[in-house]
Amino acid sequence: MEELLERLRSLDTAAVIGDLKKPSDEQVLKQWLNSGVKFVSTPGGLEQVYYSAVRKLLDCIVPVHEGAPVLHEGGEYRGTWLESTGTINAELLSRYMPDVAEATFRLFAVHQREDGLMPYKVTGQGPAYRQIQMVTPLARSVWNHYALNGRDQEFLREMYQAMAGFDSWLELYRNTRGSGCVEAFCTFDTGHDLSPRFWHIPDTPHLEDPRRFSPESPVLPLLAPDLTANVYCQRKYLARMADILGEDASGWERKAAQSLASLFQYCYDENDGFFYDLDRNDRFVRVQSDVLLRVLACGVGDRPLFDQALQRYLLNTAKFFAKYPLTSIALDDPRFDPSSAYNSWAGTTNFLTLIRTPHAFEAHGRVVELMWIITPVLNAAARMQRFSQTLSPWTGAEGYTDTYSPAILCVLDFVERACGILPAPEGELWFTGLVPYPLDHGEEIAQETAYSRTVGDDVYELVNTRASARLYRNGLLHLAFPYGTRALTDRSGQLKGLVGMTAQPAEGLVEWKGRTYPVTVKGNEQLVFKDGGFEKGLDIGVVAPSYEARPAYAVNH
């Protein structure tokens, strides 16, 4: 453990990254170095992949907006997309390079049309407005960036006004059936290329006008659950922003409630426990896709609904819980296509799905179940060389394209969630005492790990073995806690509690401020540190994986 800690402290990140390829890389790398983030492991395979990801991340950051570097999607995608680069990608990047993230968010406000429409992408050729292509709610990503980094209200107001204008545009042009849902006019509105969800529907809007759908289609427009859930979540976070900015938040809350009611009225099948598009003939488009996860990741539904979705779908090996999860179409759908050789949402596992997943799981305290998604992906990541858009659900082999920023950021994010130090927007610090478990042929990808991050004026270092986790603050031992748990502190490092991170109970000692506390923490259980001791908090049990097409709903407590 001491040897690994010394290697972490002596590691020269700039030297590991090596020669820079373009002038803007120097200022971008400086942001990474300012974060204090470093990672080492024994053996070093995962560590090598980690720094390969950092090097390739620099390749995805390009100065395009008034000289300020912004994030590009990477690979075959030469630009910044609203559905991904400008939302969830930038939100993750905000933990490492906040200035680049902020410049990326701003692209969509700067290039907003006078009628309120935001571009669906911005490339070297300028902004494009052909479709809406929105998945992760922009307002939540902007809010989390603002809350995490303490940015000024000028940025928040600029983005708030732009997003309010886009909301008005959607109300005017994407509610033609008067349902209160947001309508999909084409495949690309949701970025679901090649998905059976949109078979026999045009890829683009009518005459490439985002305000029109094909008059020759027998099914358009679709009442789209993922687009509707996006707007619901947007409105919830616009209400938060309005409150901060001195605006009236109640209007946004009413609009959010209307979106949620419309979503369940028109797009939810209670018998299936699934969200489907509703075509203009009032028929469900019964294709079980990652639409379910997209809706849940927008904060829709309570824990019982989420647990049912886990049992029946997300953790079901007949549905989405492939060897390398999560698939984009249910595995038991005869239209499922496992190929990862091209840009496809017809079955293969997509990294964009993976980086959107934590929002759904963590909102309901399902951190153990989230680790069952993260662990096989990290096993696949240990073999990565290209950072592709897709992974084979069967083998974990890399698929289409390379230097793809969602894959790069997924590696960085999953390492931090599994065995690193994660600053949460709500003001907590998460120190996770795990090492990635070897799933593939018993090949160990990390027996020990160490991770560092600077928070304010403090340098934190976390060393993990399969015996325990030890946290150092400014060079001195700060906290020790059992393997298989996550320690929660505030930004100043004051202990708030523990969370169980494994299916089986974790046992051991907590060492804190000269005292020792024996603890046993069950999976997903929260222990709250209060008045010099631990008290039991939330204990929701663990939802076990399932194997049938329609298993009985059950949660083991």
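Trainee: What should I know before I start?
Mentor: Residues are numbered from 1 along each chain as its sequence is written, and side-chain values use heavy atoms, with hydrogens and water left out. As this is a predicted model, local features need pLDDT of at least 70 and side-chain atom pairs pLDDT 80 or more, while totals for chains, interfaces and linings use all residues.

Trainee: Which rings count as an aromatic pair?
Mentor: Rings of Phe, Tyr and Trp (its six-membered ring) pair if their centres lie within 6.5 Å; planes under 30 degrees apart are stacked, over 60 edge-to-face, and the rest tilted. Here that rule gives 26 aromatic pairs. Take Tyr50 and Tyr51: they are edge-to-face, 5.2 Å centre to centre with 75 degrees between the planes. Ring pairs also link Tyr50 and Tyr51 into a cluster with Trp32, Phe39, Tyr96 and Tyr451.

Trainee: Are Tyr50 and Tyr51 buried or exposed?
Mentor: Buried means under 20% relative accessible area, exposed over 50%, and partly exposed in between (1.4 Å probe, protein chains only). Tyr50 and Tyr51 are both buried.

Trainee: Why does Phe105 count as buried?
Mentor: Because its relative accessibility is 0%. Phe155 is buried too, with a relative accessible area of 0%.

Trainee: And what does a charge over a ring look like?
Mentor: NZ of Lys or CZ of Arg must be within 6 Å of the ring centre and within 35 degrees of the ring normal. The charged end of Arg9 sits over the ring of Tyr472, 5.5 Å from its centre. Arg113 has its charged end over the ring of Tyr129, 5.3 Å from the centre.
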